[in-house]
Amino acid sequence: LLFVFLKRGEISNFQYLMHLNTLAGRSYNDLMQYPVFPWILADYDSEELDLTNPKTFRNLAKPMGAQTEDRLAQYKKRYKDWEDPNGETPAYHYGTHYSSAMIVASYLVRMEPFTQIFLRLQGGHFDLADRMFHSVREAWYSASKHNMADVKELIPEFFYLPEFLLNSNNFDLGCKQNGTKLGDVILPPWAKGDPREFIRVHREALECDFVSAHLHEWIDLIFGYKQQGPAAVEAVNVFHHLFYEGQVDIYNINDPLKETATIGFINNFGQIPKQV
């Protein structure tokens, strides 16, 4: 029924994604199962965005790990060559997740109460400045190209909340190795240095015809049939088995250390949404 409303233009892509997240058990009340939204753009360099050019957009049919051929080949090799001497861990492409409490807190670190949540997750201090979320462009390139441990997606705030991009509380977030002091998030040129303009253009892109035509491909990966099984293998979309609901019975683990470690892994590294 939701899809029918979407096809008729009666609900927006944003509303559709929020409904899907809710149906899949995602909630603003749980950072470990926070609503997940897709990276939709691949152009963070142009002065103006061309929403009629397919090259402006991320490939929504592929997970973040498959956005470049080089990285795709490395993840495929990891899966193909996987060996677990204990026979407990099935082969996987990704040992990190696209949504976790730390990812959410790192995006929202400039706003309370997320600042305190981030500090608590980090043991009471901010992360190294070079690893902090400080630039939309750099975050995209890390998650889509440069960092084999980073396949994170976005959160809903990227499409409606300009305040999270500003260091209005003047937190001391440190300096990068090149001497750059972290403050407000660095925006792409097409945002004209204005967080509100970034949100306006980013939301316009989410609702444009190209994304409307391809959004279902990303939904298949995150919420649908390409989430698990042979379709996930073919789509290069297999995560560590502990990310999946029901893959481990916590209550039947006899070793207390292993039980604690397993719960900690699930809590810290994220969970796959319920399949809808």
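Q: What span should the twelve residues of H7 have at 1.5 Å a residue, and how far apart are its end C-alpha atoms?
A: Keep in mind that this is a predicted model. The expected span is 1.5 Å times one less than the number of residues. For the twelve residues of H7 that gives 16 Å, and the distance between its end C-alpha atoms agrees, at 16 Å.

Q: Which elements do the buried residues of H7 pack against?
A: The buried set in H7 is Pro195, Phe198, Ile199, Val201, His202, Ala205 and Leu206. Contact here means heavy atoms within 4.5 Å. On that basis, the buried residues of H7 pack against H2, H6 and H8.

Q: At which residue does H8 bend?
A: Helix H8 covers residues 209–222 and reaches 21 Å from its first C-alpha to its last, close to the 20 Å expected. Its buried residues include Leu215 and Trp218, and the buried residues pack against helix H2 (13–23) and helix H7 (195–206). The bend is about 40 degrees, and it sits at leucine 215.

Q: What pattern does the chain follow along the sequence?
A: Start with the element count: the chain has ten helices and zero strands. Read along the sequence, that comes out as α-α-α-α-α-α-α-α-α-α.

Q: Among contacts between residues at least 6 apart in sequence, what share joins residues at least 24 apart?
A: For some background, 49% of the 276 residues count as buried. Now take the contacts between residues at least 6 apart in sequence: the share joining residues at least 24 apart is 66%.

Q: Which helix gives the most to the lining of the largest pocket?
A: The largest pocket holds about 770 Å³ of space. Its lining has 28 residues, and the closest to its centre are Ser106, Arg131, Asn147, Asp150 and Lys152. Helix H4 (101–107), helix H6 (136–146) and helix H10 (256–269) each give two or more residues to that lining. With five residues, the one that gives the most is H6.

Q: How many charged residues are in the lining of the largest cavity?
A: There is one cavity of 30 Å³ or more, and the space in the largest cavity is about 60 Å³. Its lining includes Tyr94, Tyr98, Glu153 and Phe239. By class, the lining has seven nonpolar residues and two polar ones, and the number of charged residues is one.

Q: Is phenylalanine 243 buried or exposed?
A: Phenylalanine 243 sits in the loop between helix H9 (229–234) and H10. Its C-alpha is 7.6 Å from that of phenylalanine 269, 26 residues apart along the chain. The cut-off for buried is under 20% relative accessible area. Phenylalanine 243 has 1% relative accessibility, so it counts as buried.

Q: What is omega for the cis peptide bond between glutamate 112 and proline 113?
A: Most peptide bonds are trans. Proline 113 lies in the loop between H4 and helix H5 (114–121). The bond joining glutamate 112 to proline 113 is cis, with omega about 5 degrees.

Q: What is the relative accessible area of lysine 192?
A: Lysine 192 is in the loop between H6 and H7, and its phi is positive, near 60 degrees. Lysine 192 counts as partly exposed because its relative accessible area is 44%.

Notes
Residues numbered from 1 in each chain as written. Predicted model: local features only at pLDDT ≥ 70, side-chain atom pairs only at ≥ 80, totals over all residues. Heavy atoms only, no water. 1 Å grid on protein atoms, 1.4 Å probe; cavity = no way out; pocket = protein on both sides within 12 Å on 5 of 7 lines; lining within 4 Å. Points joined across faces, edges and corners; volume = space filled by probe spheres on them. Helix = DSSP H or I, 4+ residues; strand = E, 2+ residues; numbered from the N terminus. Bend = angle between axes of the 7 residues up to and from the residue. Buried < 20%, exposed > 50% of the residue type's maximum accessible area, 1.4 Å probe, protein only. Nonpolar A, V, L, I, M, F, W, Y, C, P; charged D, E, K, R; others polar.
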